[in-house]
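Hello,

Here is the structure for you to open. My notes follow below it.

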Amino acid sequence: MKAVAIVLVLVVLAVVQLAIAGRLEQQGGVTCGQVDANMTPCISYLTQGGEPNAACCSGVKTVNGMAQSADERKTACNCLKAAANRYTNLKDDAAQALPSKCGVSLNIPISRTINCDT
């Protein structure tokens, strides 16, 4: 009987977690985890130059689509800034050129020094 009660509690907790996650997704909340996951394919381009691959450009387009409101753009900006600062060999010129190379008008700069609060 204890096992049934434990399973029932776990099921209820899972349902609550899914409901909360669904609500956050509906609200359009942007997280650094989402931004990082979408921008990971761009690391080689951002550190070595050349041309961004299709997965990188897809990630840039996804991040651009996620960040619709001012708050979402500010969050995404801070996430990109933090990510850029994790890579000491990031090429600033490659970062600046990335959106245009992917054919995206990204309203969020990829920079180590950007002030995301303005």
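Angles under 35 degrees count as roughly parallel, over 145 as roughly antiparallel, 65 to 115 as roughly perpendicular, and the rest as oblique. The model is predicted, so local features need pLDDT of at least 70 and side-chain atom pairs pLDDT 80 or more, while totals for chains, interfaces and linings use all residues. Numbering starts from 1 along each chain as its sequence is written, and side-chain values use heavy atoms, without hydrogens or water.

**Helix pair**

The axes of helix H2 (residues 32-39) and helix H5 (residues 70-86) cross at roughly 55° and come within 9 Å. H2 and H5 are therefore oblique to each other. The crossing of H2 past H5 is right-handed. H2 makes the contact (heavy atoms within 4.5 Å) through Cys32, Val35, Asp36 and Met39. H5 brings Ala76, Cys79, Leu80, Ala83 and Arg86. By class, this contact has 7 nonpolar, no polar and 2 charged residues. Here Ala, Val, Leu, Ile, Met, Phe, Trp, Tyr, Cys and Pro count as nonpolar, Asp, Glu, Lys and Arg as charged, and the others, Gly among them, as polar.

**Largest pocket**

A pocket is an open set of points on a 1 Å grid where a 1.4 Å probe fits, with protein on both sides within 12 Å along at least five of seven lines; lining residues have an atom within 4 Å of a point. The largest pocket has a volume of about 160 Å³. Its lining includes Asp36, Met39, Leu80, Ala83 and Arg86. H2, helix H3 (43-48) and H5 each supply at least two lining residues. H5 gives the most, with 4. The lining divides into 9 nonpolar, 1 polar and 2 charged residues.

Best wishes

Definitions and conventions:
Axes fitted to C-alpha atoms, helices over the stretch in contact; angles between N-to-C directions. Left-handed = near helix turned anticlockwise from the far one by under 90°. Points joined across faces, edges and corners; volume = space filled by probe spheres on them.
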